[in-house]
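Visitor: Could you walk me through this one? I have the sequence and the coordinates open, and I would like to begin with a single residue before turning to the rest.

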Amino acid sequence: MQVQKAIQKRLSIRRYADASIPDEHLDILIKALQLAASGNNYQNWEFVFVKNPDVKQRLVPACSNQRFIKDCAYFVAGVADPKLKWHMVDITIALTQFALQAVELGYGTCWIGAFDEAQVKRVLKIPEDKKVVICMTFGMPTGKHVARGRKAVEEFIYLNQFGSRSKLSGA
Ligand SMILES: Cc1cc2nc3c(=O)[nH]c(=O)nc-3n(C[C@H](O)[C@H](O)[C@H](O)COP(=O)(O)O)c2cc1C
């Protein structure tokens, strides 16, 4: 699958089949995290992959009662050292690569930003001085998922100066 196709296919998956993930796919997905760009190449990221059903169940109330969390194959918590600049960006780049790689392998993901950090830290035993930047569910999609709309390109692409809506295409 080309990157362009994976970008077009990706959408938030909130319904998951009860399917396990083969090790060779996990290896590919973890490589997508490892190879991400990062500020100063600090690779300021650690990821807690949660497979245990009891732990996933305990994450539901920690994540605004989003019940689909218990159905995903893995809940992934993106953890960083908040003292380093770009920690928010680095984690996001890595998980974006993960999400696109997941599409190529036939899986789906959903970003999870609605969580209580203290609760997630408690459930996953994450040290106090670390920050849970963002989380993501991951697994085999089931059912129908509908793509959400997007702003028109003219609303957010400018040429040469902010607000200049001259056409960029063909450049
Ligand atoms: C930073 C961030 C936090 C998000 N948090 C949640 C969340 O807690 N729960 C959820 O169901 N979706 C969450 N989403 C998914 C967005 O709702 C979704 O990406 C957006 O509606 C566009 O839909 P799409 O991903 O299907 O293209 C989050 C997305 C981002 C980027």
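This is a predicted model: local features need pLDDT of at least 70, side-chain atom pairs count only at pLDDT 80 or more; totals for chains, interfaces and linings use all residues.

Visitor: Where does Ile13 lie?

Guide: Ile13 sits in the loop between helix H1, residues 3–9, and helix H2.

Visitor: And which residues does Ile13 touch, not counting those up to four places away in sequence?

Guide: Ile13 is in contact with Gly108, Thr109, Cys110, Pro141 and His145.

Visitor: OK, change of topic: which residues surround the ligand?

Guide: The shell around the ligand consists of Leu11, Ser12, Arg14, Gln66, Cys110, Trp111, Ile112, Gly113, Ala114, Ile134 and Arg148. Cys110, one of these shell residues, is also among the residues that Ile13 touches.

Visitor: Which strand gives the largest share of that shell?

Guide: Strand S3, which covers residues 108–112, provides the largest share, with three residues.

Visitor: How many of the shell residues are nonpolar, polar and charged?

Guide: By class, the residues around the ligand comprise six nonpolar, three polar and two charged.

Visitor: Let's step back a bit. How many helices and strands does the protein chain have?

Guide: The protein chain has five helices and four strands, and read from the N terminus the order of these elements is α-α-β-α-β-α-β-α-β. Of the 171 residues in the chain, 26% are buried, and the C-alpha atoms fill a box of roughly 55 × 40 × 30 Å along the principal axes.

Visitor: What about contacts between residues at least 6 apart in sequence?

Guide: Of those contacts in the protein chain, 79% join residues that are at least 24 apart in sequence.

Visitor: Now the helices: at what angle do H2 and H4 pack?

Guide: Helix H2, residues 23–34, packs against helix H4, residues 87–104, at an angle of about 150 degrees, and their axes are 7 Å apart. H2 and H4 are therefore roughly antiparallel to each other, and their crossing is right-handed.

Visitor: Which residues make the contact?

Guide: From H2 the contact uses Ile28, Leu29, Ala32 and Leu33, while H4 contributes Ala94, Gln97, Phe98, Gln101 and Ala102. Sorted by class, this contact of H2 with H4 has seven nonpolar, two polar and no charged residues.

Visitor: Is Ile28 buried, exposed or partly exposed?

Guide: Ile28 counts as partly exposed, because there are 14 C-beta neighbours inside 10 Å. Apart from neighbours within four places in sequence, Ile28 is in contact with Gln101 and Leu105. Between Ile28 and Ala102, 74 residues apart in sequence, the C-alpha to C-alpha distance is 9.0 Å.

Note on methods:
Residues are numbered from 1 along each chain as its sequence is written. A residue is near a molecule or strand if its C-beta atom, placed from the backbone, lies within 6 Å of it. Helices (H or I, at least four residues) and strands (E, at least two) are DSSP runs, numbered from the N terminus. Ala, Val, Leu, Ile, Met, Phe, Trp, Tyr, Cys and Pro count as nonpolar, Asp, Glu, Lys and Arg as charged, and the others, Gly among them, as polar. Axes are lines fitted to C-alpha atoms, for helices over the stretch in contact, and angles run from 0 to 180 degrees between N-to-C directions. Angles under 35 degrees count as roughly parallel, over 145 as roughly antiparallel, 65 to 115 as roughly perpendicular and the rest as oblique. A crossing is left-handed if the near helix is turned anticlockwise from the far one by less than a right angle, and right-handed if clockwise. Two residues are in contact if their C-beta atoms, placed from the backbone, lie within 7 Å. A residue is buried if 20 or more other C-beta atoms lie within 10 Å of its own, exposed if 12 or fewer, and partly exposed in between; C-beta atoms are placed from the backbone.
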